[in-house]
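Welcome! Take a look at the sequence and the model, then read on.

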Amino acid sequence: MNKYEFDSKKDIHKKVYDELMNSHNSNEIHLAECLKFLREIRNNADYDKSDKNEEYFKKNSQKVIKATNDAFDSLNVLINNPPYNF
């Protein structure tokens with residue numbers, strides 16, 4: 001990720017997601033998938049509440065916890081074993 005400098009906050013989530021998804025590293029791809037899921041759930045909570053009820057969020061809470069833990073696991077692998085030489 002250091003090969004690019006993100007100088008704008010506009011679409012930063014998409015830029016980070018695209019970089020991770022286009023990687024050849026399985027941990028970066030997995031991290032992108034986790035982040036995408038978490039962002040979708042957050043957007044649903046913040047902006048798309050009309051057809052979401054308490055049951056929807058209860059049902060997804062365990063998935064959110066798992067995706068968060070998976071994202072941290074992928075980050076730890078990447079921190080401890082960076083796929084790039086800097």
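Let us begin with the helices around the largest pocket: helix 1 (12-21) and helix 2 (26-47) each supply at least two residues of its lining. Please keep in mind that this is a predicted model. The chain averages a pLDDT of 83.

**The largest pocket**
- The largest pocket has a volume of about 270 Å³.
- Its lining includes Ile12, His13, Lys14, Val16, Tyr17 and Leu20.
- Also among the lining residues of the largest pocket are Ala32, Leu35, Lys36, Leu38, Arg39 and Glu40.
- Sorted by class, that lining has seven nonpolar residues, four charged ones and one polar one.

**Salt bridges**
- You can find two salt bridges in the structure.
- Lys14, one of the residues lining the largest pocket, forms a salt bridge with Asp18.
- The closest N and O atoms of Asp18 and Lys14 are 2.8 Å apart.
- Both Lys14 and Asp18 belong to helix 1, where four residues, about one turn of the helix, separate their positions.

**A nonpolar surface patch**
- Phe72, Leu75 and Ile79 make a nonpolar surface patch of about 310 Å².
- Phe72, one of the residues in this patch, is found in helix 3, which covers residues 54-80.

**Confidence in the model**
- A pLDDT of at least 70 is reached by 81% of the residues.
- Where in the chain is confidence highest, and where is it lowest? Helix 3 has the highest confidence, at a mean of 90, and helix 1 the lowest, at 88.

Key:
Residues numbered from 1 in each chain as written. Predicted model: local features only at pLDDT ≥ 70, side-chain atom pairs only at ≥ 80, totals over all residues. Heavy atoms only, no water. 1 Å grid on protein atoms, 1.4 Å probe; cavity = no way out; pocket = protein on both sides within 12 Å on 5 of 7 lines; lining within 4 Å. Points joined across faces, edges and corners; volume = space filled by probe spheres on them. Nonpolar A, V, L, I, M, F, W, Y, C, P; charged D, E, K, R; others polar. Patch = residues over 30% accessible without salt bridge, like charges linked within 9 Å, V, L, I, M, F, W, Y side chains within 5 Å. Areas by Shrake-Rupley, 256 points an atom, 1.4 Å probe, with all protein chains shown as cover. Salt bridge = Lys/Arg side-chain N within 4 Å of Asp/Glu carboxyl O. pLDDT = per-residue confidence, 0-100.
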